[in-house]
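Please read them with the structure open.

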Amino acid sequence: MSATVIVGTQWGDEGKGKITDLISGDYDYVVRCAGGNNAGHTVIVGDTKLGLHLMPSGVMYENCTPVIGNGCVIDPGVLVKEMAMLNSLGISCERLKISCDAHVIMPYHKVLDGADEKRLGKNKIGTTKRGIGPCYQDKVARRGIRMQDLLDEKIFKLKLETVLERTNAILSKVYGLQTFSVEEILEEYLDYARILGKHVTETAQLLNDAMREGKNILFEGAQGTMLDVDHGTYPFVTSSSCCSGGACTGSGVGPTRIDSVLGIMKAYTTRVGEGPFPTELFFEENGGTGQDAVDGETLCQVGHEFGTTTGRKRRCGWFDAVVGRYAADIHGLTEIALTKLDVLSAFDTLKVCVAYECNGERYDYFPMQQSVLFHAKPVYEELPGWKGQDITEAKSFDELPENAKSYINYLEKIVGVKMKYVSTGPDRNQTIIR
Ligand code: GDP
Ligand code: IMO
Ligand code: MG
């Protein structure tokens with residue numbers, strides 16, 4: 001029996017989907033435990049490229065059961081479409097299990113997400129507008145609707161009537177927007193329930209029973225350290241616990257059962273949406289100039305840094321070791337998968353941020369006040385690159401150029417966690433295991 005947690009260590013999009021898919025074959029269950037379809041996890045096998053939003057990346061393996069845990073928020077319409085897409089490719093979703101306690105994203109959550117962002121104007125968070133925040137708000141306010149509620153029309157109707165009374169008042173009186181009728185939502189969501197109902201179950205019990213039988217469980221994190229509602233760059237975060245601890249609360253598996261925590265870490269940094277990002281290399285369109293703007297654009301173009309979920313251009317910057325060390329602590333990382341190293345083959349020289357400086361003070365750890373982070377200047381170390389040397393076919397660490405090995409060894413030392421996997425391309429087999 002083994003239980004491994006995979007987590008994002010930066011601002012999401014580190015390549016969690018690729019690494020989850022890579023190792024899923026060794027696991028009996030792959031479990032999503034936080035977030036919803038704000039996530040976009042890319043899995044590439046041969047000529048097939050899949051952007052998964054809700055379905056756990058282990059779905060590709062026939063012996064692996066995908067589980068959507070209680071910590072997730074589910075837009076049932078999106079899930080039904082994703083299942084149809086997978087089925088059309090010959091990938092069966094029959095084994096999918098959905099937690100009866102997972103909360104349901106309703107149409108009004110999506111409207112409220114957009115309305116809130118509009119209200120915030122230039123202070124907006126830059127959400128994916130998938131209704132994630134408003135759904136988690138209803139969850140903690142104890143008025144949310146759960147998957148189990150969809151299975152009982154009487155209970156569903158009662159809960160919907162209660163919540164709509166309040167939500168409609170907010171929609172019309174605060175935002176001047178159209179309200180929703182119980183009937184229209186009921187009709188649409190009962191249709192989803194008819195399709196999804198057979199997959200809904202007590203997944204906490206399922207997973208604990210499976211572990212007693214010696215089965216292996218992989219928890220597939222979504223988002224990343226810096227988007228965690230407690231530990232990230234609040235309020236520019238998502239609304240869930242995307243750290244390793246969230247794998248326990250989001251699945252019902254206790255911390256004593258977890259053996260290892262694998263952090264997925266990009267060889268540079270990206271971020272989608274608003275909020276502080278100390279190593280950002282501003283694009284020209286965002287006011288950037290000179291070599292920094294060129295380097296930022298190169299990272300974006302060579303790394304294809306465009307959102308899997310919203311298609312937005314991701315902000316790009318050099319590797320930030322302050323973020324890396326913080327992630328190692330917050331998640332309790334036991335090992336790291338370093339991804340997208342091949343993208344750095346485009347540079348003569350590489351920069352790594354080892355600390356921040358603000359108002360004459362040096363910060364080796366995160367500053368207490370976020371205002372400092374907004375104004376922090378990175379303290380960089382420069383390392384020689386391996387420009388022009390293609391590393392996408394390297395099968396072992398020894399086959400990498402000397403400067404690439406030095407870069408990995410340097411990051412490993414400065415972050416303080418072993419880099420067990422090095423990813424040199426999007427494909428499953430473009431991975432070095434050390
Ligand atoms: P996730 O949200 O953490 O699963 O990451 P995304 O799928 O949103 O973004 C990662 C992107 O990088 C995807 O397009 C992957 O196919 C791609 N990718 C993953 N690993 C590598 C790598 O080592 N090299 C390159 N060039 N692309 C990679
Ligand atoms: P994966 O799992 C990157 C960001 C949004 C926004 C903030 C809040 O693919 O790594 P939300 O819609 O969650 O309320 O938006 O969080 N965000 C992500 N950024 N990757 C993700 O997921 C993200 N999920 C949310 O861009 O800044
Ligand atoms: Mg993503």
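Predicted model: local features only at pLDDT ≥ 70, side-chain atom pairs only at ≥ 80, totals over all residues.

1. Asp13 is partly exposed, at 22% relative accessibility. Gly40 has a relative accessible area of 11% and is buried, because the cut-off for buried is under 20%.

2. Sheet. Ten strands form an open sheet with mixed pairing. Their order is S9-S7-S5-S2-S10-S1-S11-S15-S19-S20. Which strands stand at the edges? They are strand S9 (200-201) and strand S20 (431-433). Each has a single partner strand, so one side of each has no neighbour in the sheet. Further in, S1 runs parallel to strand S10 (residues 217-220), and four bridges join them. One pair to look up is Ala3 with its bridge partner in S10, Ile217.

3. Largest pocket. Its volume is about 810 Å³. The lining has 41 residues, and the closest to the pocket centre are Ile125, Thr127, Thr128, Val237 and Thr238. Helix H3 (107-120) and helix H4 (132-140) each give at least two residues to this lining. By class, the lining of the pocket holds 14 nonpolar, 17 polar and 10 charged residues.

4. Cavity. How many cavities of 30 Å³ or more does the whole structure hold? The search finds one. The largest cavity has a volume of about 50 Å³. Of its 13 lining residues, Cys33, Gly221, Cys242, Cys243 and Ala247 lie nearest the centre. S1 and helix H9 (244-249) each contribute at least two residues to the lining of this cavity. That lining has nine nonpolar and four polar residues, and no charged ones.

5. Cysteines. The disulfide count is zero. Cys33, which is among the residues nearest the cavity centre, is in no disulfide. Its nearest cysteine sulfur, that of Cys72, is 6.5 Å away. Cys33 is buried, at 5% relative accessibility.

6. The loop between S10 and H9. Two backbone features fall here. Pro235 lies in this loop, and the peptide bond from Tyr234 to Pro235 is cis, with omega near 5 degrees. Gln223 is found in the loop between S10 and H9 as well. Gln223 is not a glycine, yet has a positive phi of about 55 degrees. Gln223 is buried, at 8% relative accessibility.

7. His304. This residue, not a glycine, has a positive phi of about 50 degrees. His304 is in the loop between helix H10 (290-302) and strand S13 (315-317). Is His304 buried or exposed? His304 is exposed, with a relative accessible area of 61%.

Key
Residues numbered from 1 in each chain as written. Chains lettered and ligands numbered in written order. Heavy atoms only, no water. Buried < 20%, exposed > 50% of the residue type's maximum accessible area, 1.4 Å probe, protein only. Pairing = 2+ DSSP bridges. 1 Å grid on protein atoms, 1.4 Å probe; cavity = no way out; pocket = protein on both sides within 12 Å on 5 of 7 lines; lining within 4 Å. Points joined across faces, edges and corners; volume = space filled by probe spheres on them. Nonpolar A, V, L, I, M, F, W, Y, C, P; charged D, E, K, R; others polar. Disulfide = S-S within 2.5 Å.
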